[in-house]
Amino acid sequence: MKVLTGKSILDQTAYGPLRVYHRKPFHLEFLSQLSSGDEVHRFQMAQHRAVLQLADLYDQASLVVGPQAASIFAIHAMLLEDDSFVESILSIIQTQYTTAEYAVQVAGTSFSAAFAAMENPYMAARGADLRDISNRVIRLLLGQKTPDPLGNRPAILVSDELLPSEVLALDRKKLLGLVTWHGSVDSHTAMLLRLLNIPGLAQADISQECDGHPALLDGFHQSLYLDPDQDLIADMGYEVKQGKRTSPLVAAQPLG
């Protein structure tokens, strides 16, 4: 058994297999074969569609976590229409003759880094929101869907980070818990996980080779037990029969 530590998002526990999410980078063309005007139009159309999607996401989230928490996605829409952000994207397209998706990625990375460098933890965590909206627009421009990292069975997800809209896109009956290499307990993702009663551990030094290994996430002690022994599993209130996970005896489960 190996014990890893991080920063706890919720004082709860989870037990199950680990599923490592290998986030695939976007493959973007730099120079456009279209005119700058056409690329600007592509961006504006994708931006409009993204704002409509975020309005739908706000409605969906309101039913699950309430309107106050759902306002995350109203904030995302405001960021997406922010004059400085939009002007940065348009400037890259018009001066460097790039594709719209490349310009969105460059501007998104720049603005995200600027937030992350702020001393205020809450403001620094807003960098993830910029990455979230940038990814949304890029996927629309490329015709891609949000990936499903969990597959067909419940698991504790391991990732570099999980963005707010990605949390809402998951089947939460399958998301037993979340462990991230990066992320922040002040992020909107962390807030959503707390409201959904899903334990998480941020800034954990965990190897990608852990995929498929059983693990016990202990939010009370900010720890992850990799390949836990049977006594610890029982002490945490879980019952294991024939090597398979059964319902926990006392530990909280994610909301549906």
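**Strand pairing.** I looked up β3 and β7 in this predicted model. β3 covers residues 13–20 and β7 covers residues 214–218. The two strands run antiparallel and share five bridges. I then picked out Gly 16 and followed it across to β7, where its bridge partner is Ala 215.

**The whole sheet.** Next I traced the strand order. The sheet is open and has eight strands. I read the order as β1-β8-β7-β3-β4-β5-β6-β2, with mixed pairing. Which strands sit at the edges? They are β1 (2–5) and β2 (7–8), and each of them pairs on one side only.

**Glu 101.** I moved on to helix α4, residues 100–116, which contains Glu 101. Is Glu 101 buried or exposed? Its relative accessible area is 7%, so I note Glu 101 as buried, the cut-off for buried being under 20%. I listed its contacts, leaving out residues up to four places away in sequence. Glu 101 touches Leu 28, Arg 42, Ile 138, Leu 141 and Leu 142.

**Largest pocket.** Last, I checked the pockets. The largest one has a volume of about 570 Å³. Its lining counts 23 residues. Which of them lie closest to the centre? I found Arg 23, Lys 24, Pro 25, Phe 26 and Asn 135. Two helices came up in the lining: α4 and α6 (127–142) each supply at least two residues. I also sorted the lining by residue class. Seven residues are nonpolar, nine are polar and seven are charged.

Conventions
Residues are numbered from 1 along each chain as its sequence is written. This is a predicted model: local features need pLDDT of at least 70, side-chain atom pairs count only at pLDDT 80 or more; totals for chains, interfaces and linings use all residues. Side-chain values use heavy atoms; hydrogens and water are left out. Two strands pair if DSSP finds at least two bridges between them. Helices (H or I, at least four residues) and strands (E, at least two) are DSSP runs, numbered from the N terminus. Buried means under 20% relative accessible area, exposed over 50%, partly exposed in between (1.4 Å probe, protein chains only). Contact means heavy atoms within 4.5 Å. On a 1 Å grid over the protein atoms alone, a cavity is a set of points where a 1.4 Å probe fits but cannot get out, and a pocket is an open set with protein on both sides within 12 Å along at least five of seven lines; lining residues have an atom within 4 Å of a point. Grid points are joined across faces, edges and corners, and a volume is the space filled by probe spheres set on the points. Ala, Val, Leu, Ile, Met, Phe, Trp, Tyr, Cys and Pro count as nonpolar, Asp, Glu, Lys and Arg as charged, and the others, Gly among them, as polar.
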